[in-house]
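The sequence and structure come first.

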Protein chains: 2
Amino acid sequence: MTEPAPPPDTAQRMRHAALHLFARHGYAAVSMRQIAAEVGVQVGALYNHIPDKQALLFQLLSEHMTELLQAVAAEDLSHAPLAALEGFTRFHIRHHAARPEAVFISYMELRNLDAANFALLEEQRQAYETRLRMILEAGQADGSMRMADARVATRAIIAMLTGITTWFRDSGGLSLGEVEEIYWEMVRRLVAG
Amino acid sequence: MTEPAPPPDTAQRMRHAALHLFARHGYAAVSMRQIAAEVGVQVGALYNHIPDKQALLFQLLSEHMTELLQAVAAEDLSHAPLAALEGFTRFHIRHHAARPEAVFISYMELRNLDAANFALLEEQRQAYETRLRMILEAGQADGSMRMADARVATRAIIAMLTGITTWFRDSGGLSLGEVEEIYWEMVRRLVAG
DNA sequence: GTCTATATGATGATAGAC
DNA sequence: GTCTATCATCATATAGAC
């Protein structure tokens with residue numbers, strides 16, 4: 001009746017190890033041998049699960065963006081613009097604070113993707129940005145928000161919020177809930193009508 | 001009467017080439033041979049000007065931070081807090097927009113410094129942050145600004161402003177002066193008393 | 001200061017045994 | 001699916017001639 005012990009699942013352990021090591025040392029500075037050592041196999045074994053190192057990086061970044069888009073799509077859009085903006089702000093903070101390593105390499109390692117892979121991710125990134133921009137433009141339209149340039153405000157807000165991952169630690173002086181409150185107040189003022 | 005042609009100045013050309021290549025491909029992904037090829041010398045010649053690759057990276061980042069601190073120290077501090085904040089905002093945008101590559105590697109390549117070099121730069125970074133935080137706290141004290149947490153607001157503003165370098169291009173739709181206006185308006189609202 | 005040549009070791013990826 | 005062994009290449013850094 002007991003479940004059989006799950007297999008070691010080398011593929012997943014490899015992705016996990018690569019995420020940690022890429023975040024700490026950078027994609028180019030991490031060798032396949034280091035990843036294999038972290039997983040507990042020899043280097044040749046990794047190539048049963050991934051065609052090459054580049055594909056491993058792309059898989060990590062692609063999974064991160066897909067997960068982000070799926071999660072934001074699940075947010076309720078039926079609110080008035082200001083409430084939608086609050087929802088987006090709190091969602092973005094929670095989602096990014098929960099995966100600082102994936103956020104970090106998604107920004108840092110784009111250079112190491114080939115052109116085709118880069119284009120795929122850039123498209124997803126823009127789709128996410130558009131989600132926020134639509135909220136801001138709806139707020140402009142119904143008069144609940146006021147700003148000089150919705151595109152610029154979109155980028156400013158995302159940069160401000162994502163920057164949290166560079167300093168926020170669970171062990172720090174502020175809880176994530178407190179950070180959420182502080183940032184929502186700043187975002188609210190930024191677009192005040 | 002004419003000036004003699006200046007010497008090729010390999011040391012400076014090396015730093016210039018390294019800045020471009022590190023920004024484009026990342027420190028770990030760039031070889032000393034690539035740098036030498038960009039300068040137009042053989043790889044051995046570089047080691048007459050730098051003890052090793054790590055020192056080359058540190059020199060670039062250290063020069064960038066020292067230049068930033070010197071430039072901000074030259075700003076006039078005699079203004080009221082709101083005027084000082086406007087001065088800081090415009091200074092930060094102009095200074096960073098003028099050197100996007102140095103900004104980029106200063107953020108990306110900190111991981112590749114050894115502990116001692118990292119500590120030196122972190123100290124300088126905090127000194128810069130403190131400059132802005134003092135302005136915000138002065139504004140809180142005299143009632144011209146209002147915010148939940150000056151430390152958090154400091155980081156939020158710097159992240160928001162530095163993010164400009166990731167998308168601003170001279171050839172784009174907005175002039176730097178227009179960007180300055182838009183961001184100063186957003187910063188002003190963010191701390192509105 | 002720059003060159004050529006080299007020491008020494010690590011890298012990504014593959015082949016074939018088990 | 002993992003192992004050992006290996007290929008071919010590239011890396012940083014140095015030595016000594018000019």
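Which element gives the largest share of the lining of the second largest pocket? That share, 5 residues, comes from α1(B). The model discussed here is predicted.

## The second largest pocket

The volume of the second largest pocket is about 350 Å³. Two or more residues of its lining come from each of α1 (10–25), α4 (53–73) and α6 (100–108) of chain B. The lining comprises 14 residues, and those nearest the centre of the pocket are H16(B), L19(B), L60(B), E63(B) and A102(B). Divided by class, the lining holds 5 nonpolar, 3 polar and 6 charged residues.

Of the atoms of DNA strand D that come within 4 Å of the protein, 66% belong to sugar and phosphate.

Contacts to phosphate and to base both occur among the residues listed. The side chain of T10(A) has an N or O atom 2.6 Å from a phosphate oxygen of DNA strand D. In the case of R33(B), the side-chain N or O atom is 3.4 Å from a base oxygen of DNA strand D.

## Cavities

How many cavities of 30 Å³ or more does a search of the whole structure find? The search finds 2. The largest cavity has a volume of about 80 Å³. It is lined by 16 residues, with A28(A), R111(A), A28(B), E109(B) and R111(B) closest to its centre. By class, this lining divides into 6 nonpolar, 6 polar and 4 charged residues.

The second largest cavity has a volume of about 50 Å³. Its lining consists of I182(A), E185(A), M186(A) and R189(A) together with M147(B), A148(B), D149(B), A153(B) and L190(B). Helix α9 (residues 176–190) of chain A gives the most to this lining, with 4 residues. The lining of the second largest cavity has 6 nonpolar and 3 charged residues, and no polar ones.

How values were computed
Residues numbered from 1 in each chain as written. Chains lettered and ligands numbered in written order. Predicted model: local features only at pLDDT ≥ 70, side-chain atom pairs only at ≥ 80, totals over all residues. Heavy atoms only, no water. 1 Å grid on protein atoms, 1.4 Å probe; cavity = no way out; pocket = protein on both sides within 12 Å on 5 of 7 lines; lining within 4 Å. Points joined across faces, edges and corners; volume = space filled by probe spheres on them. Nonpolar A, V, L, I, M, F, W, Y, C, P; charged D, E, K, R; others polar. Near = heavy atom within 4 Å. Polar contact = N/O pair within 3.5 Å; in protein donor to acceptor, adjacent residues only side chain to side chain.
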